[in-house]
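Subject: Structure handover

Hello,

Here is the structure we spoke about. Please open it first, then read the notes below it.

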Amino acid sequence: MIVKSLTPKYKVLMQNRPKKLWIGGDMVQLEKTQDALTLKGHDVRFEDRTDNEIDADIVHLFNFSMRWTYQQYLNAKKQNKKIVCSMIYHATDRFVGWLEQQQMLNGMDALIFQTEGEMERVQKNCNLDLDKCWVIPNGIDKWWFDPIKTVKQEIVLTVGRIEPFKNQLTLAKVCREMKVPLICVGEVTDASYAKNIIAQGGIILPPMTHEELKPLYAICKIFAIISDNETWSLVADEAGSQSANIIMTEGCERKDIPNVFKVPPHDELQIRFAIQKAMELQPNDTFRERLRANTWDKVATKIERVYENISSC
């Protein structure tokens with residue numbers, strides 16, 4: 001007897017910026033999603049071009065606010081493809097104008113957000129059809145929860161490119177005033193900015209693999225990521241898997257996670273207050289346990305439902 005799969009198999013083209021530019025959380029998110037969907041039997045491939053002939057049922061874009069995404073959107077729209085976008089939304093018109101963003105929102109078939117807060121940020125700038133919107137947090141690999149012997153220390157850790165947009169310098173100034181060690185891990189893209197962070201007492205370490213980062217996440221009591229325009233990122237989940245308390249730019253928080261402190265990125269007083277409060281708390285084991293349940297396989301199952309929904313329209 002032949003048993004048919006209950007879920008149709010889709011041919012999907014995933015698109016984002018060229019991989020050769022630099023590695024970031026968006027590429028990890030894309031690759032993990034691609035792998036999990038492929039394991040479920042779907043035909044999923046990646047291509048970064050903006051003028052290609054598309055041999056797929058669905059085009060799945062990543063990074064809504066970027067210029068390359070707008071070009072990829074126009075190409076997919078011209079070829080009458082179903083379009084899904086994992087938003088990774090930055091509330092700025094620096095790369096894509098507001099009118100073009102509204103055009104994309106109107107023309108896409110489904111929009112995937114990490115958090116409700118991210119969705120609300122879009123609504124502050126554009127009109128949003130809520131019937132197109134899905135909230136699907138990232139998954140996380142099970143090995144993050146393998147035991148590691150360490151003791152939490154009063155350290156603030158941040159992970160990301162070392163540049164003004166990421167706002168590590170404000171964090172360094174506050175940490176210096178509070179006499180709290182700050183460790184910054186990431187690629188230095190602005191050398192003079194990095195020197196200013198070091199002058200404020202910040203320690204800068206080069207980019208690390210996930211395996212190298214895990215012990216740092218495990219010892220830090222606080223993980224902070226206060227970019228000028230932040231999204232809920234994979235590094236926040238990675239730190240959360242090690243029970244870190246999180247300080248993050250306001251407007252992208254997950255409402256289901258306790259002990260996440262929201263701050264304006266340049267408000268030193270509020271950042272100081274958040275660090276003080278986060279230091280007083282016990283490790284965030286509730287966050288850790290909620291993350292543990294969200295595997296990439298479960299994320300893929302939810303995305304399958306998105307594909308099924310737009311394919312039946």
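Two strands count as paired if DSSP finds at least two bridges between them. Helices (H or I, at least four residues) and strands (E, at least two) are DSSP runs, numbered from the N terminus.

This is a predicted model, where local features need pLDDT of at least 70 and side-chain atom pairs count only at pLDDT 80 or more, while totals for chains, interfaces and linings use all residues. Residues are numbered from 1 along each chain as its sequence is written, and side-chain values use heavy atoms, with hydrogens and water left out.

Next, helix 3 (residues 98–107). Its buried residues are Gln 101, Gln 102, Met 104, Leu 105 and Gly 107. (Buried means under 20% relative accessible area, exposed over 50%, partly exposed in between, with a 1.4 Å probe and protein chains only.) Their cover includes helix 2 (67–78), strand 5 (110–113) and helix 4 (116–123).

**Around strand 8**

Now move along the chain. Strand 7 (153–159) pairs with strand 8 (182–185) in the parallel sense, over 4 bridges. Val 159 has Val 185 of strand 8 as its bridge partner. On to strand 9 (residues 203–205): strand 8 pairs with it in the parallel sense too, over 3 bridges. There, Val 185 stands opposite Leu 205.

Strand 8 is covered on both faces. Leu 182 and Cys 184 are buried on one side, Ile 183 and Val 185 on the other. Val 185 touches Leu 157, Pro 206, Met 208 and Leu 216, among others, leaving out residues up to four places away in sequence. (Contact means heavy atoms within 4.5 Å.)

Strand 7, helix 5 (residues 168–178) and strand 8 make a right-handed β-α-β unit. So do strand 8, helix 6 (residues 191–199) and strand 9. (Right-handed: with the strands pointing away from the viewer, the path from the first strand over the helix to the second runs clockwise.)

Helix 5 is largely enclosed by the rest of the structure, because 8 of its 11 residues are buried. Its cover includes strand 7, strand 8, helix 6, strand 10 and helix 9 (268–280). Just after helix 5, Lys 179 takes a positive phi of about 60°.

**The cores**

The largest nonpolar core has 26 residues. (Such a core is a set of buried Ala, Val, Leu, Ile, Met, Phe, Trp, Tyr and Cys residues joined through side-chain atoms within 4.5 Å.) Val 185 is among those with the most contacts inside it, as are Leu 157 and Val 159. Helix 7 gives the largest share, 4 residues. A second, separate core has 25 residues, including Val 180 and Ile 247.

Best wishes
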